Amino acid sequence: MFGYVLPREDKLSEQEKLRYRAAYCGLCRTLKKHYGFFARFLVNYDMTFLYFLLQNEENRQMERCFCPARVICKKDCLPSDAAMEFAADMSVLLSCWKLRDAQRDGNFVHRLSAGAALLIYKKSWRRAAEKHPEADRVFEQQLQKLQCLEDEHCPSIDRTADAFASLLRVCAAFCQDDNTRKAAEVLLYHVGRFLYLADALEDLPKDNRSGNYNPLRYRFQLQDGMLTVEDKKQLLETADASIGMAASALELLPKTEDFGILKNIIYFGLPTVLAGIAEGIFRKKGKKV
């Protein structure tokens, strides 16, 4: 995944920091439990956000668990529950489809490494797809739609962003309550739209050099491979609008125990990530916001 859906750490309380890290570690442990050791490498911040969005159990106490990255001591983990297992399943499905996309579109080295990774995760992908056949079908359908738009060098940001955003929306299927599910669908759609736009902006210099498809190359007139000030302003306003829509949908969701973490990510984390990408400093800061 992209690693853009992050909290802003200086706006988190100490307890929220502990719980966020414990959720990340809990997701890592759940991936290992259900899909094997190598599935740990699929853990990411975006799916940690999905876990917090979908979980609704209260008083989930942290546990101490083994961490292969820190073998001399244990770390705090939130226990595995239905939402954690669903986030793990989606991590596998989305990561495998992203690898398949890289195998098709990347350079020789990327295609080779993506193909090798798909061999490693083949059984995990099949197991996750058997558990969630509808999600797997939608992921394939939307990525094929996105591929067709890329092949025709589509200049429409809205059409390409919609194809990706509609892919993430299916993750709201976990919610049982109709009103909660509808709000979660809107939120995930606009988070997905933000992800696509942020990724396009960050990858623009690289894509311009390599000739890879990027909707910004066809939507705007670039100057020295970069957006003009006005064009960048327009794009940032579009991404900000999706953040605003995600924030509005968030307020319609139940106020769970970790609702403050969700608010931090939407209200502070996403705008800070977007600003870092626009300034060209996001990766230099090591994804910490």
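This report describes charged pairs, a pocket and some individual residues in a predicted model.

Residues are numbered from 1 along each chain as its sequence is written, and side-chain values use heavy atoms, with hydrogens and water left out. Because the model is predicted, local features need pLDDT of at least 70 and side-chain atom pairs count only at pLDDT 80 or more, while totals for chains, interfaces and linings use all residues.

**Salt bridges**

Side chains of opposite charge can pair when their charged atoms come close. A salt bridge is defined here as a side-chain nitrogen of Lys or Arg within 4 Å of a carboxyl oxygen of Asp or Glu. By this rule the model has 14 salt bridges, and the table gives three of them.

| Pair | N to O distance |
|---|---|
| E14 and K17 | 3.4 Å |
| D258 and R19 | 2.8 Å |
| K145 and D162 | 3.7 Å |

Helices (H or I, at least four residues) and strands (E, at least two) are DSSP runs, numbered from the N terminus. Residues are called buried under 20% relative accessible area, exposed over 50%, and partly exposed in between (1.4 Å probe, protein chains only).

E14 and K17 both belong to helix α1 (residues 14-35), where they stand 3 residues apart, about one turn of the helix. E14 is exposed because its relative accessibility is 58%, whereas K17 counts as buried at 18%.

The salt bridge between D258 and R19 has its closest N and O atoms 2.8 Å apart. D258 lies in the loop between α10 (229-250) and α11 (259-279) and R19 in helix α1, so the pair ties together parts that are 239 residues apart in sequence. Both residues, D258 and R19, are buried.

The salt bridge of K145 with D162 has a closest N and O distance of 3.7 Å. This pair links distant parts of the chain, with K145 in helix α6 (residues 133-151) and D162 in helix α7 (residues 157-169), 17 residues apart. K145 is partly exposed, since its relative accessible area is 38%, and D162 is partly exposed at 23%. Elsewhere, salt bridges that share partners join R19, E257 and D258 into one network.

D136 lies in helix α6. Apart from neighbours within four places in sequence, D136 is in contact (heavy atoms within 4.5 Å) with L93, W97, W125 and A129.

**The largest pocket**

On a 1 Å grid over the protein atoms alone, a pocket is an open set of points where a 1.4 Å probe fits, with protein on both sides within 12 Å along at least five of seven lines; lining residues have an atom within 4 Å of a point. The volume is the space filled by probe spheres set on the points, which are joined across faces, edges and corners. The largest pocket holds about 1300 Å³ of space. Its lining consists of 41 residues, of which K98, D101, A102, D199 and D203 lie nearest the centre.

**Positive phi values**

Most residues other than glycine have a negative phi. H153, in the loop between α6 and α7, has a positive phi near 55 degrees. D224, in the loop between α9 and α10, also has a positive phi near 55 degrees. H153 is partly exposed at 41% relative accessible area, and D224 is exposed at 83%.
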